[in-house]
Amino acid sequence: SITGERVDYLACDVLELMLRTIYQRCGLNGCSSHTGRRSYASNMNNKGIGLRTIAAALGHSDEQVTLEYIDVSSQQLSEAAKLAF
């Protein structure tokens, strides 16, 4: 602060570290704040929810960014292959 007083605040990197610590204590190594967002987006996609809706749920204005969060499951690939033939 300008006055020299101590100011405590939470920054994104602090929150990320807190979430990683929580995941690690639960035995979920390698998880991050984006792990939950990716699961959320992928689960919505798996249920057939449209990309525009998923983007809005994640707060993305660019649907191309949202695509980076969606993991396609092997079941989805198998179903797509069946529909192709």
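**View 1. S32 in the loop between α1 and α2.** Let's start with S32, which sits in the loop that links α1 (12-25) to α2 (33-46). Keep in mind that what you see here is a predicted model. S32 has a relative accessibility of 11%, so it counts as buried, the cut-off being under 20%. Which residues does S32 touch, once its neighbours within four places in sequence are left aside? They are E16, R20 and Y23.

**View 2. G27, in the loop between α1 and α2.** G27 is found in the loop between α1 and α2. Is G27 buried or exposed? Its relative accessibility is 53%, so G27 counts as exposed.

**View 3. The largest nonpolar core.** Here we zoom in on six residues: A41, M44, I54, L58, Y69 and I70 together form the largest nonpolar core. Helices α2 and α3 (51-58) each give at least two residues to this core. Have a look at I70 while you are here: setting aside neighbours within four places in sequence, I70 is in contact with A41, S42, N45, L51 and I54.

**View 4. Where α2 meets α3.** How do these two helices run past each other? Their axes, those of α2 and α3, come within 10 Å and cross at roughly 155°. Angles over 145 degrees count as roughly antiparallel, and α2 and α3 are therefore roughly antiparallel to each other. The crossing in which α2 passes α3 is right-handed. On the α2 side, the residues in the contact are R37, Y40, A41, M44 and N45, and they meet I54, A57 and L58 of α3. Sorted by class, this contact of α2 with α3 has six nonpolar residues, one polar and one charged.

**View 5. Y40, a residue of helix α2.** Now for a closer look at Y40, which has its place in helix α2. With 44% relative accessibility, Y40 counts as partly exposed. What does Y40 contact, leaving aside its neighbours within four places in sequence? A57 and L58 are the residues in question. Y40 and A57 are 17 residues apart along the chain, and 9.1 Å separates their C-alpha atoms.

**View 6. D71, in the loop between α4 and α5.** The next stop is D71, which you will find in the loop between α4 (63-67) and α5. D71 has a relative accessible area of 39%, so it is partly exposed. Not counting residues up to four places away in sequence, D71 touches R38, S42 and Q76. How far apart are the C-alpha atoms of D71 and S42? The separation is 5.4 Å, although D71 and S42 are 29 residues apart along the chain.

**View 7. Q76 in helix α5.** We finish with Q76, which belongs to helix α5 (residues 74-84). Is Q76 buried or exposed? Its relative accessible area is 19%, so Q76 is buried, since the limit is under 20%. Neighbours within four places in sequence aside, Q76 is in contact with N45, N46 and D71.

Terms used:
Residues are numbered from 1 along each chain as its sequence is written. This is a predicted model: local features need pLDDT of at least 70, side-chain atom pairs count only at pLDDT 80 or more; totals for chains, interfaces and linings use all residues. Side-chain values use heavy atoms; hydrogens and water are left out. Helices (H or I, at least four residues) and strands (E, at least two) are DSSP runs, numbered from the N terminus. Buried means under 20% relative accessible area, exposed over 50%, partly exposed in between (1.4 Å probe, protein chains only). Contact means heavy atoms within 4.5 Å. A nonpolar core is a set of buried Ala, Val, Leu, Ile, Met, Phe, Trp, Tyr and Cys residues joined through side-chain atoms within 4.5 Å. Axes are lines fitted to C-alpha atoms, for helices over the stretch in contact, and angles run from 0 to 180 degrees between N-to-C directions. Angles under 35 degrees count as roughly parallel, over 145 as roughly antiparallel, 65 to 115 as roughly perpendicular and the rest as oblique. A crossing is left-handed if the near helix is turned anticlockwise from the far one by less than a right angle, and right-handed if clockwise. Ala, Val, Leu, Ile, Met, Phe, Trp, Tyr, Cys and Pro count as nonpolar, Asp, Glu, Lys and Arg as charged, and the others, Gly among them, as polar.
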